[in-house]
Amino acid sequence: MSTEIVSAVELRKTYGEGDTRVVALDGLSVGFASGGLTAIMGPSGSGKSTLMHCVAGLDRADSGTVTVDGVDLSGLDDRRLTELRRDRIGFVFQAFNLLPVLTAEENIVLPLTIAGRTADADWLEQLIATVGLGDRRHHRPSELSGGQQQRVAVARALASRPAVVFADEPTGNLDSRSSEEVLGLLRRAVDEFGQTVVMVTHDAHAASFADRLIVLKDGAIVHDGPAGGSDDVHARLQAASDPTAH
Amino acid sequence: MRTLLLRSLRARAGRTLKTSLAVVLGVALIAGTLIFTDTINRTFDEIGETSYRGVAVVVTPALPPGTPDSDSDDDGRALPRTLAQRVADAPLVRDARGQIEGTALVFERDGRTRIGGQGPPSILLSTLPDGYGAISYTSGRPPTGGDEVAFDADTAEKAEARVGDTVHVQGEGPRRAMRLVGIVQLGDGSTSFGGATLTFAAPETAAELAGRSDDRYYSEILAIGQEGASDDEVAASVRAAVGDAGTVRTGQAQGDQQAQDIKDAIAFLPTMLLVFAGIATFVGSFLIFNTFSITMAQRQREFALLRALGADRRQVRVMVTGEALTVGIIGAVLGMAGGFVVAPGIRALLEGFGADMPSTATVFAGRTIVVSLVVGLLVTLVASWAPARRATRVAPIEALRDAAAPPGRGAVRRGPVVVGAIAGTLGAVAVLLAVVAGASTGVAGIGAGLLVLGAILVSPALVGPLAASLSRPLRSLFGLPGRLAGDNAARQPGRTAVTSGALMIGLALVVFATVFAAGLKDTLRGDIERVTGAPVVIQEADGGFSGLSRSLVDAVARVPGVDAAGGVGFGRVAVDGHGNAPVTVIDGRALEEGLARLEPVDGSDAAPGDPGDGRAHVTEGTADDLDLRSGSTVEVTGVNGERRTLTVVTLVEGTASAVTGIVLNERTAAELGIRDPYFVLVDGDRDAIARAVATDYPAAEVLSRDDWISDQVGQVDQLLGLVYALLALSIVVALFGIVNTLGLSIQERTRELGLLRAVGATRRQVRRMIALEAVITALLGALLGAVLGFVLAAAVGTTLDGFAVSVPIGQIVVLVVITTLLGVLASLRPARRAANVDVLVAIGEE
């Protein structure tokens, strides 16, 4: 377990009461090793977003423990949790990742600025080069395309060299070319910088960029293994969601 | 559509209520003022009615037409003692009595502390038999002569005196120890006359206290008619009997007249209060405009959907207008209710400034309801008109667009800024004209209005630069929150400008009052210092608001070591063909001895001395108005109706606050009915004088020249305090504006705030960011307001003759700082809400 940068044990979370009671996480345990791109898939309501929110410190499970980079989240108050997010976790959301009043570059270094630190200049240049922003670094988000905006978001997630980057449907709002660019970027982050990335997606093509595929259903893991190509992902999804397959 | 209207009102109940608040405060002050005014007016009507109950006819001194109003009851307007018998002998008259009205100060048990003062009068009345008026004795009996007096119950209580006790009373002479023999209540059972002290004495005693002589004895003569004779018939009979020796009215007419006189005298009060209420309402309209603008923008998709589903523009407009109407009605109704709280508040405020007002049951007239509703509705409708129009302009296609784009940078609309710049420039030119070229105060006023309008319209263009210039210091001081606060404030410049505009108006008025007051104080000090040569000055302890006893001057002059003493008084005369002119009375000896100094216009060294009996010095301005030169004559009528021809001796420099109009010596002034000294100028030792007059004139304050000048100048601060208190309401409304705008902006930026929190901004940082945004808004309003207020005060000041404009920079800085801190206070709730944004909900929100 020592190589696992993020681990969750026996996570349980339910919403609602009585008839409307929904089990989002049903005693789920999972670990993410350092370095590697993991895709989490599953039908709507399978608990994939809840899982991500819980392991990323955005939400708390009813029971179970989450450890990020050796820190047990359940013992942290709001301020400590916020600082952990700021320093150890990177985020890419489906939409609305950037503050409209800041330039692309300012958005990238936002977590560092919030912490009162300045970015290492070489690292920043490398990031900007990697995401291919070049001359648009001083533009505001409204002057960037959706793909560019999302690439800026990825750069921001990487800026503080976090222990783990969580991406929630990062390509959900993008056309296929832009999707390709963003996914390629996440892939390179893993390959070139040794970054750990966990991505929630419902797009099989996106999942095919991953090293590992986890499929969730009714709050439990029904598949956990190598991702393989796009077709393999489709097959595993089919198998996982077909009750007769077990 | 009606269902939709009701639903959306219900869904936004909290917002609707908050928007209504903008109207509530203004309307509450309006309603409160009306309730207060109606209530005191009713009270004065009742007093007027009860004081002449049973009286058929009242005879008052006959005054020629054009006789000026008098401020004193020691003005020589009195009827000869023998006239009472002539009235009593008239046919149809059953009985007639004269009454003396004067001033009698009443002191507390210690014999030193005056009861009341500065506002409500200390009234002396001679007794009348039963059947005249509606006064009754709750204990004791009517005074019958000698040293006997009766008090109203309130005064007796304050004097801690019971029937049989010795009490301290002072008329025109020295203080007297007298015996309290009765306690009086007014006809309606009320024990007080609105803070005034009432002292009753038998006619001979009252005449002594008031210093009356037989030929000027009674203030009025009251007559009761014979059975069966109507008041008008009795009046006709009395009129025939007295001829032109007096004016004859029925008791009813005299009561009405008396009530009307009092009401007229205090009519400025409701007017002043309504002006402040109007300002608060105007400031509130900014808040309404902003709230509607923002919510309409946020609901664009809702309106677009309605339009896409087939609603026409009119329907959308009806819905939006319906919402505005609801806000207006809620505001007006709550405001009316608030009026019942405000009315006693006004009374308490005035009492705090020493002006007690009498009261009976609260009067809630239909007029109050109508005015409140009309104001509430009108203000809301006007303020929401433009936003409502914008709502109807939404294209249906907007509904089909993707999730509303996150609020980006709103552009500054150029048109209004240009108009504002032009208006502001014109205003500045007008003000400058008034200052430099001496154009009228009216031109300055129009210029001032244009300047305010210009400032409001131009301010959106100032938001960006201000935020930019604050950006660097804010960032280095507060890091990212500072930087974001600046950007957020500049994001919707129009919105920020309107929010700060409300504050700007409030602060401009506060600064105006401050600068004006500072100028007034400097002017006053300069004027008084120039005029006053006496090392010691005596005034009534209330700051010289009421006059001193005439006998005080002689008493002081007799103190060993006093070389000279002379009184100074104020009044007015009517000048043939010119209306009233102010009169400054200066004792002739005081002028001769240099206790009071006048400066001749011709620049000669010799200070004008006693003008002499029947002669006058005239200040330059008045001389211009009346076309007078040295040596010319002028026909005047005194407050007592006496006519005199005055010969002008010297033209002297006028000072706006100390020496105005026509300067007379004390003998000429007394012939014209101006007899009370307000200040006594003395050359002598202060302590010795103070000891000498302490017993006989306890209400007189003996001050060194410097202390006296400081006391006089300090009175401006009291007035300023009252103005501050009334303007505070507008500032509160403007602060609500900051709360509201921030709240709406935060709602709009929920996702941004969520994102900030998600990527690691602490709650503290978020709170700080919102607080700084409020600081920028408040600072913009405060700075603009301060500049505007100062410019206007300076402009108005320079148009006034002899007014010294001064720059109280310290006070202005303090006001700006306080306003900015209030901005932080206003941000507390919105900031907390922003910091508590649920990250998950925020980032999940579409």
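A: Helices (H or I, at least four residues) and strands (E, at least two) are DSSP runs, numbered from the N terminus. A:Arg187 lies in one such run, helix H7 (residues 176-193) of chain A. This is a predicted model, in which local features need pLDDT of at least 70, side-chain atom pairs count only at pLDDT 80 or more, and totals for chains, interfaces and linings use all residues. Residues are numbered from 1 along each chain as its sequence is written, while chains are lettered from A and ligands numbered from 1 in the order in which they are written.

Leaving out residues up to four places away in sequence, A:Arg187 touches A:Leu37 and A:Phe209, where a contact means C-beta atoms, placed from the backbone, within 7 Å. A:Ala210 is 23 residues away along the chain, yet its C-alpha atom is 7.6 Å from that of A:Arg187.

Chain A has a mean pLDDT of 86, and 96% of its residues score at least 70; pLDDT is the predictor's confidence in each residue, from 0 to 100. Among the elements of chain A, the mean is lowest in helix H9 (residues 230-241), at 74, and highest in strand S8 (residues 196-200), at 94.

Where chain A and chain B meet, 24 residues of chain A and 22 of chain B take part. On the chain B side, helices H14 (480-491), H22 (750-758), H23 (763-799) and H25 (839-844) each give two or more residues. That side has 10 nonpolar, six polar and six charged residues; Ala, Val, Leu, Ile, Met, Phe, Trp, Tyr, Cys and Pro count as nonpolar, Asp, Glu, Lys and Arg as charged, and the others, Gly among them, as polar. The predictor gives the complex an ipTM of 0.76 and a pTM of 0.79.

Chain B has 25 helices and 21 strands, and 51% of its 846 residues are buried. Its C-alpha atoms fill a box of roughly 100 × 70 × 50 Å along the principal axes. The mean pLDDT of chain B is 85, but pLDDT stays under 50 over residues 402-409 of chain B.

Within chain B, domain 2 covers 463-527 + 707-846 and domain 3 covers 542-698, with bounds from an automatic or database domain assignment. The centres of these two domains, taken over C-alpha atoms, are 49 Å apart. Nine residues of domain 2 of chain B are in contact with six of domain 3 of chain B. On the domain 2 side, helix H15 (493-531) of chain B gives the largest share, three residues.

H15(B) also packs against helix H8 (residues 268-298) of chain B: their axes come within 9 Å and cross at roughly 175 degrees. The two helices are therefore roughly antiparallel, a label for angles over 145 degrees, while under 35 is roughly parallel, 65 to 115 roughly perpendicular and the rest oblique. Each axis is a line fitted to C-alpha atoms, for helices over the stretch in contact, and angles run from 0 to 180 degrees between N-to-C directions. The residues of this contact include B:Phe286 and B:Ile294 of H8(B) and B:Val498 and B:Ile505 of H15(B). By class, the contact of H8(B) with H15(B) has 10 nonpolar residues, five polar and one charged.

Terms used. Contact = placed C-beta atoms within 7 Å. Buried ≥ 20, exposed ≤ 12 C-beta atoms within 10 Å, placed from the backbone.
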